[in-house]
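Work through the exercises below with the sequence and the 3D view open. Each task is followed by a solution in steps.

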Amino acid sequence: TQADTELHRGFDRFFDFLLALEEASLLQKKDILNAYFELFECAQGPHLPPLFDMMVAKLFPDKGGFCAGANDKDQNVLINICSKVCKTIMRKLSATHDTEFRGKIQ
């Protein structure tokens with residue numbers, strides 16, 4: 001629907017803003033992932049796939065992507081938060097109806 005499109009566009013702009021703050025060293029990468037975690041905690045059903053696709057496109061556009069350049073400790077923190085995000089999404093999906101999306105997340 002039009003409202004869903006506007007909602008997703010708003011989230012897209014919001015996360016562009018967060019990434020710009022991180023690039024300017026005003027925010028840490030873990031803060032951006034925590035914002036995604038909070039988003040997925042609240043998001044429901046049909047919003048999950050497009051929001052997940054947005055997250056992947058923004059954070060991992062190429063090999064390494066978001067975690068590239070982080071030291072080992074920071075990479076572990078980022079990986080743990082990514083894992084929390086994925087577990088949160090998986091918990092909301094049906095094992096029988098959402099198999100393709102579940103596979104994508106794994």
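**Exercise 1.** Where is the place of Thr-88? State also whether Thr-88 is buried or exposed, and list its contacts beyond the neighbours in sequence.

Solution. Two conventions come before the steps. The model is predicted, so local features need pLDDT of at least 70 and side-chain atom pairs count only at pLDDT 80 or more, while totals for chains, interfaces and linings use all residues. Residues are numbered from 1 along each chain as its sequence is written, and side-chain values use heavy atoms, with hydrogens and water left out.

Step 1. Thr-88 sits in helix H4 (residues 72-92). Helices (H or I, at least four residues) are DSSP runs, numbered from the N terminus.

Step 2. Thr-88 has a relative accessible area of 2% and is buried. Buried means under 20% relative accessible area, exposed over 50%, and partly exposed in between, with a 1.4 Å probe and protein chains only.

Step 3. With neighbours within four places in sequence set aside, Thr-88 is in contact with Phe-37, Phe-40 and Glu-41. Contact means heavy atoms within 4.5 Å.

**Exercise 2.** Find which residue forms a salt bridge with Asp-12, and describe the network that contains Asp-12.

Solution. A salt bridge is a side-chain nitrogen of Lys or Arg within 4 Å of a carboxyl oxygen of Asp or Glu.

Step 1. The partner of Asp-12 is Lys-58, and their closest N and O atoms are 2.8 Å apart. Because Asp-12 belongs to helix H1 (residues 2-23) and Lys-58 to helix H3 (residues 48-59), the pair ties together parts that are 46 residues apart in sequence.

Step 2. Lys-58 also meets Asp-16 in a salt bridge, at 2.5 Å from N to O. Here too distant parts of the chain are linked, with Asp-16 in helix H1 and Lys-58 in helix H3, 42 residues apart.

Step 3. Together, Asp-12, Asp-16 and Lys-58 form a network of salt bridges.

Step 4. Lys-58 counts as buried at 18% relative accessibility. Asp-12 is partly exposed at 28%, and Asp-16 is partly exposed at 36%.

**Exercise 3.** Name the residue that pairs with Asp-53 in a salt bridge, and say how many salt bridges are counted.

Solution. Step 1. Asp-53 pairs with Lys-104, with 2.5 Å between the closest N and O atoms.

Step 1. Asp-53 is partly exposed, at 33% relative accessibility.

Step 2. The count comes to five salt bridges.

Technical notes
Helix = DSSP H or I, 4+ residues; strand = E, 2+ residues; numbered from the N terminus.
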